[in-house]
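Student: I have this structure open and would like to go through it with you. Could we begin with a hairpin and then move on to other parts?

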Amino acid sequence: KVVPSAGWRFTPSRLRLVLAAEVCKTECQARSRCTAIPSQIPFTLAELRREFNTSFADCLVNKPLESLGFWLINRQVLVTPMRRLPPSGRPGLDGGSDDADSAASWSLSESVREALSAPADGEPALVVRAVPMDRLEATLERMRKDPAQQQMPLVPACSGVYRLDDYRLRSKHTVSVGSDDCEQRSWTHLAAFGVLRRPRTEADYPVCVGEAEGTWTARVARLEDCSGESLGINWTHKHVFYVGTDGEGPSMCVRHIKERGKLRRWSRWQIIPDDGLCGTPGPMEHGGLSSRLRSHYHHQPNNTSETKHGYTVDFTFRSMVDSYQPTRTYLCMTTGLVGAPTISLDCDPKSATAAVAVMRLDARSSAAGDVGQEGVFCVGRNDIGYTIARGANCSLTNGSHYPQRHVAAFAVPKAASGRSWCVAACGGFGELSEVRSHANCSDSGCKEAFSFHEVTMEDLSEDLGVLSLTSV
C-alpha cells in the first residue's frame, strides 16, 4: 500500500495531467487550462480517465475519453504509452473477469510508484499526457522501428579463461550473461562487455552460448539456440543475448579452434577483446589480453607449438553501451568567492547559484520543432569567463572582443511555459554572461542580452523521449 512518506513523495501534487493541443479547446489553451494536478493518485486506467474527466470536462475537444491514449513521461524523458488493449483472457486486476485495461493499469501503477519513489524537490515527477489514440498508435509504431528511440535493454556479460594442464590445448573459455565478473572457482576473469537482453528491432541479431558436458568448453554462434551438434560435439544451450549495429562499446571477437585426433572433443569457442589481433593465426591466441593473463600462456612449455593450432574468426561485434541522455537538462551558473561565474550544461541544480531547465540540442529536440533559430543558444568560454550567445556554436560567433571556445549548446522552444529568465551581458565589452531571473536582469554593470522561459515537465512531449522498457 502506498502511503504519504515523511518527505511527501506520494502526493497528487507530484503528478501533472496534460491535454495535447489537438484535444484541448482553444479558449482553454489561452487560459492555460490544459494542465492540472489530479485530486488523487491514479493507479488504474479507469481512475486516470476519471481524473481527466474531472479536471478537463469543459476543455476537451469533442472526443470521448475512450478515444484518447495517454503517454507517461518521467524525469528522464522515458515515455510509456497507455491505451486499451484487446482482451487477453487473463483475470482482471480485481481477480474477476478479463479486464482489457489490465496491462495499461499495471503499466500506470508501476510507472507512478517508480517516479514517486524519488525524493520530492518541487518539480513534477511524472506527466500524463493525453493525445488522440490514432496519433499515439502512429508514434508508437514509428518508435518501435527505430532502436535510437527505445531505451536500451542492457545487460552485462563477461568472458573468463581457464588454464588447462595439457599444454597442447593451452586454455578454454567461458561466457556468462547477467554478470560483469567471470572470476569464479578456477576461472580467471578476462573481459566484461554490454549486450542486449532482447532484440529491439529485426536489425538486432542473437548470439547464443552453449556448453559441452565433461570438457565444459564453450560454443558461441549467431543463433537463438546453441543446443545440438557442431564440430562433432553435442552442446547444451546456456545463454542467448543480442547485439545491434549501433554498438559503441569495445569490439569483441568470436572465434573457434577445431582440435583433431584424440583432442577432437576439446574443439571450442571463445569471446575475447578485439584489439586488431583477433584474426592473427596460430601463436596469437593470447592477443589482446592483459599482461596478467598473458602469463598463463607464456609459462606453458613448448610455447612455439601454438603455431600448429590457429583459431578461425567467426565474427566480431561492438559491445552495447547506453549513451542516452535526457533531452531536458539544466543550465547552471555557479558563483564563487572570487572570479567570474561558471556556466555549464548537464549540471546539478541543487549546487548552482542559478539553474534553468532547458533542452539539449540534439536530434530529438531539433525534430520536435517549435525551437527555431532564435531558440538555439551556445555556451562559450574566453580568457576572462563564460558567455552565452545565440547560435549552435560559440566558436563561430562574430564580433567578440575575446576569442571564444565552444563549451555546449542548448535549445528553448517558443512554447516553453516555465519561469522567465534572462542572460545579462556584463563587463566592459559585455564578454561575461550571467543567468538571472528576468526581474533582475539589468543593473549598473550589466544589461539584458536576451530572455527565455524555462522548459517545464509539462512542456515535454513523447517526441522528445525514448520508449521505456515498460513499453515493450
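Tutor: Strand 19 and strand 20 form a hairpin with 4 residues between them. Strands here are DSSP runs of E with at least two residues, and helices are runs of H or I with at least four, numbered from the N terminus. This is a predicted model, in which local features need pLDDT of at least 70 and side-chain atom pairs count only at pLDDT 80 or more, while totals for chains, interfaces and linings use all residues. Residues are numbered from 1 along each chain as its sequence is written, and side-chain values use heavy atoms, with hydrogens and water left out.

Student: How many bridges join strand 19 to strand 20?

Tutor: There are 5 bridges, and the two strands run antiparallel. Two strands count as paired if DSSP finds at least two bridges between them. Arg381 has Tyr386 of strand 20 as its bridge partner.

Student: Is strand 20 mostly covered or uncovered?

Tutor: Strand 20 (residues 386-390) is mostly covered, as 4 of its 5 residues are buried. Buried means under 20% relative accessible area, exposed means over 50%, and partly exposed lies in between, computed with a 1.4 Å probe on protein chains only.

Student: Changing topic: how many aromatic pairs are found in the whole structure?

Tutor: The search finds 12 aromatic pairs. Rings of Phe, Tyr and Trp (its six-membered ring) pair if their centres lie within 6.5 Å; planes under 30 degrees apart count as stacked, over 60 as edge-to-face and the rest as tilted.

Student: Why is the pair of Phe193 and Phe241 called edge-to-face?

Tutor: The ring centres of Phe193 and Phe241 are 6.3 Å apart and their planes stand at 65°, so the pair is edge-to-face. Phe193 belongs to strand 8 (residues 188-196) and Phe241 to strand 12 (residues 233-243), so the pair ties together parts that are 48 residues apart in sequence. Phe193 is buried, at a relative accessible area of 5%, and Phe241 is buried at 0% relative accessibility.

Student: What about Phe377 and Phe410?

Tutor: Phe377 and Phe410 form a stacked aromatic pair, 5.4 Å centre to centre with 20° between the planes. That pair links distant parts of the chain, 33 residues apart, with Phe377 in strand 19 (residues 376-381) and Phe410 in strand 21 (residues 405-411). Phe377 counts as buried at 1% relative accessibility, and Phe410 does so at 0%.

Student: Which residues form one aromatic cluster with Phe193?

Tutor: The cluster consists of Phe193, Phe241, Phe315 and Phe317.

Student: Now the open sheet: in what order do its 3 strands come?

Tutor: The order is 14-13-15, with antiparallel pairing. Strand 14 (268-273) and strand 15 (312-318) are the edge strands, each pairing on one side only. Strand 13 (residues 251-257) pairs with strand 14 over 6 bridges in the antiparallel sense. Arg255 stands opposite Gln270 in strand 14.

Student: And what holds paired strands together in general?

Tutor: Strands of a sheet pair through backbone hydrogen bonds, either parallel or antiparallel.

Student: One last item: which helix gives the most to the lining of the largest pocket?

Tutor: Helix 3 gives the most, with 5 residues. The lining residues divide into 13 nonpolar, 8 polar and 10 charged. Here Ala, Val, Leu, Ile, Met, Phe, Trp, Tyr, Cys and Pro count as nonpolar, Asp, Glu, Lys and Arg as charged, and the others, Gly among them, as polar. A pocket is an open set of points on a 1 Å grid over the protein atoms alone, where a 1.4 Å probe fits, with protein on both sides within 12 Å along at least five of seven lines; lining residues have an atom within 4 Å of a point.
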